[in-house]
Amino acid sequence: MRKKREDYVFGLDIGTRSIVGTLGYRVGTDRFVVVAQVSIEHKTRAVIDGQIHDIPTVTKTIAEVKARLESATGETLTDVSIAAAGRVLKTKTIYVEYEMPSETRVTKEHMYSLDNIAVERAYEEVRKEGDHKDKRFYCVGYSPVKYYLNGYPMEMIEQHMASSIGVEMITTFLPDEVVEGLYSAVEDAGLRVASLTLEPIAAINLAIPDRFRLLNIALIDVGAGTSDISIVKDGSIIAFGMIPLAGDEITEAIAKKYLVDFETAEQIKKTTAKNKSSAFKNIMGESYRLKSEEIRETVDEAIETIVDQIAGKVRELNGGKSVSAVFVVGGGGKMPGFTAKMAEKLELPENRVAIRGAEVLQQIDFSATGIKKDSTLVTPIGICMEYYEQKSNFIHVRVNEERVKIYDNGKATLLDACIHAGFSQESLFPSRGAGFTYTVNGEKREAKGRTGEAAEVRLNGKETNLNEWIKDGDEIFIRPATKGEDASLILGRIAEFKKELSYTLFGRQVLCPKRAEVNGELRSAECQIHDGDEVIVHDFYSVAQLLEFMGMEQEERVLVDGEEVDARTKLKTGAKVERIPEEKPEAKPVENVLSDLGDLTMPSGQDPLLAPVRPLPAWANDLPISNPAVRPYQAAPQAIASYAAPVMPAPSPIPPVSGFSTPTAPPASSTPPASGSLSGFSGSSSARERSIEVKVNGKKVKLLSKANHMFVDVFDVYPFDLTKAGGNRMVCRVNGMEVRDFTKPVFENDEIDLYWEK
C-alpha cells in the first residue's frame, strides 16, 4: 500500500465534456508527481460553454471521481483545487505603488502585500464600471506583469533595498453566479475549496515556463465549450481572454449534418482525428462509413468560425498585432486543419502554430500507470501546480446566521463580509437625515440633518468594528446603522437672533430680543425655518418699537444719548433713552400772587359769604387748591407727582345761596351729589361722614370716615410704597377704567387695581 502523504494536492478540471481529477505532490520547486488521475465524461450536457447548468448531475460526477481516487490511493480527500472557465471573464490591468516609511529591504511579505493591494484596487475599478455596478465579482486569478523598484522595472525585487515598490498587475474576475455554481457542486460532493484559479492561468503556467516568456507567445486552450487565451511578452503574462466557441461547435456541425445525437457526433469527431474513416448509424437507423476527409469538409466551416474569432481576440489582447508564435492545448485543437487555419488567420508560418503536449510535461512524473502524456493533461495538472503559486482562495463565514463566501486576500475584514452578505453602504455606516438651505441677511446657510446611529458589529460574540480581520468559520452579527432625523431649525436657534440688544430706557437697563423677518414677515423665536427661506435679523429697535415692546405709552419725542429724536429713530444696542424734561413755571412771591388775584375786597355793605366764588386764573390750575364748595382739599403725597400728577378740572361757578337756613339732608344713596351743588352744607358734619369698603387688588379695604371719598384716600389705608418706583409704570384703575386724576371719587364696593408694571 502506498504511503500516505500530507502534502497531496487534489485538483479538479470541471470541463464542458468531462471532469478530470488529479492527485499528486510537488517535489522541489518545479517538479510534480501525479499519483493518480481519473476522468469521467458527462452523460448529459450538464456543463455548457464552461459554466455549470445542472449542479446535481455535476455534483454526482465529482463525488464519483473523488471516490475512485480515494479507492486508488487509500487517501481521504477533503480539500480540492479548482479552476473556472473564462466564459464571462473580466480582466483588469492596474499599477500600484507603495512608499516605504524608510529605505527597507524588500521581503516576500512586502511583495505579497503589494499584490493584494493591486488586486483590491482592480476589484474597485471593475465595480465602478457602469454595467457592473449591481453585480458581484470574484477574483479568480492574478499575475504580475512587472515589478518596480524605486520607479524602475525589475524582474525580481526581493532582497533589494527600496524606498518604494510597485507592480503592474493583470487580474481576472468572474461574476458571482459562475463561481457560486462551481462552489455549490464541489461542496455538495463533500469537498472544501482550497484554491480557485482561472483555466488559462493554470494552463500557461505549465505550458509556457518563465524562460520562454520573453517571447510574444499566445497559448490557446481549446476545450469543449470555451477557448481560453493567454499571452506572454517581455517575460510576463500580459493578457487573458476567452471566446465561447470550441470543440462543441464542431460536434454540433457533425450532428446536424448526419442526423446523429450529440454523443455519437462526439465519437465521430474523435475517430476522425485518429483514423481514416468513421462508421455510425443516424437516428433513422441508416448506417454510414465515411472517410475522414469527407467529415473534415463538413466541419470545415465550424472550424473556420472558431479560428477566425480566436485570431481576432489574440490581436485584440496583443495590442492590435499578431503574436510571434501560438501554442495550442486541449482536445478541441486536435481537429485536423485547426492549426493550419490559425496560422493563416494570424499571418504566421504553419510551424509557428503547434499543439503542445508531452514536450511541456517534461517536469511531470507519473507514478500512476496508463496515463498518456498529451495536450489534454496540461490544464488538469496546471490546476494542481497553481495551488502552490496562487495564495488567494475563499473563506466562509456566517453573517446574521447566513453563510457567506468571501475572497480571501489575507486581509478580509468584517466590512468585506457584510458587503458580500448584501448590506448596503447606508446600512453599514450611519447617514445624515436630509438637510436644507436658507439665507440669513443674504448669506447662504445650510441646516444639516442629524447623524444616525452607527452599526453594532460583533465577531464571535465580541463587540468590534468593521475593520476587524476575519478568518474562515467566523460568526458575525451586525445590527444595521440608521439614518438620522431630517434637519429642523427654528428662528431662535440662529446665531444672529440669539444675541440680545441692550438699552437704557428711562433710567432702567433692559435687554430685548432681536426682531427678525422670515420671507418678509415678522416672526417669533419659535418660527420653523424651511428650505429656501430668507431670514432678515434686525440689529435695532425704533423708539416706537422699544416702547411698544416694553408695554409703555408712546412718546412723540425723546432724548437718545442726549439728542432729541422722534419715535421713528433707530436705536443701536447700548443706546440711552430718556424723556424730555417738562418746563415748570417760575415760582412767584406771595405778594405777586396776591396782586395777580386782584382786589379781593368786597363792595361796602355786601356780605362776602353771599358773594359768588370768583374763578381761578388759568395759571393756577396746577396749584394744590380745591374748591371748598365742592369738597375739602386733601393734598396728595408728593411722590405721585412724577408718575401721575392729578389733573384738576376748572372749578365751576357756584350760584348764589339765598338765606342761611340749613337744607334738608338728602336721602342716603350711592349716587354722588352733582358737581357744583352745595348738598350737605350744614352745621352738623358728623351726620354726613361715613366709611366705605372697596376692593384693592382683590382685597377688601375700609376707607376712613369722611363725607366724600377719593382715589387718593386708598393710600392712607393700603400699603403701597410711593417713595420709590417698583417698575416702569404705576397702574391705577377703578372698575377697569384708568385713573388720570387722583381726586377721582370712589364709592362702596368699587374694585381698584393698584400695582407697578414691570
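Modeller: Happy to! Let's start at Ile 254, which is buried, with a relative accessible area of 0%. Here buried means under 20% relative accessible area, exposed means over 50%, and partly exposed is in between, using a 1.4 Å probe and protein chains only. A word on the basis: this is a predicted model, in which local features need pLDDT of at least 70 and side-chain atom pairs count only at pLDDT 80 or more, while totals for chains, interfaces and linings use all residues. Residues are numbered from 1 along each chain as its sequence is written, and side-chain values use heavy atoms, with hydrogens and water left out.

Ile 254 belongs to helix 5; helices (H or I, at least four residues) and strands (E, at least two) are DSSP runs, numbered from the N terminus. Beyond its neighbours within four places in sequence, Ile 254 is in contact (heavy atoms within 4.5 Å) with Val 260, Ala 265, Ile 268, Lys 269, Ile 295 and Val 299. Arg 296 lies 42 residues from Ile 254 in sequence, yet their C-alpha atoms are 9.4 Å apart in space.

Now the helix itself. Helix 5 covers residues 247-258, and its 12 residues should span 16 Å at 1.5 Å a residue; the end C-alpha atoms are 17 Å apart, which agrees. The expected span is 1.5 Å times one less than the number of residues. Gly 247, Asp 248, Ile 250, Thr 251, Ala 253, Ile 254, Ala 255 and Tyr 258 are the buried residues here. An α-helix has 3.6 residues a turn, so residues three or four places apart point the same way. The cover over the buried residues of helix 5 includes strand 12 (217-222), helix 6 (262-274), strand 15 (277-281), strand 16 (287-291) and helix 7. Just after helix 5, Leu 259 has a positive phi of about 55 degrees.

Leaving aside neighbours within four places in sequence, Met 342 is in contact with Ile 220, Val 307, Ile 310, Ala 311, Val 326 and Val 353. After helix 8 comes Glu 347, with a positive phi near 55 degrees.

Met 342 also takes us to the largest nonpolar core, which has 105 residues; Leu 12, Ile 62, Val 326, Met 342 and Ile 381 touch the most other members. A nonpolar core is a set of buried Ala, Val, Leu, Ile, Met, Phe, Trp, Tyr and Cys residues joined through side-chain atoms within 4.5 Å. Helix 7 (residues 292-317) gives this core its largest share, 10 residues. A second, separate core has 22 residues, including Val 694, Met 710, Met 730 and Val 739.

To place all this in the whole protein: there are 16 helices and 43 strands, and 44% of the 758 residues count as buried. Of the contacts with a separation of 6 or more, 63% join residues 24 or more positions apart.
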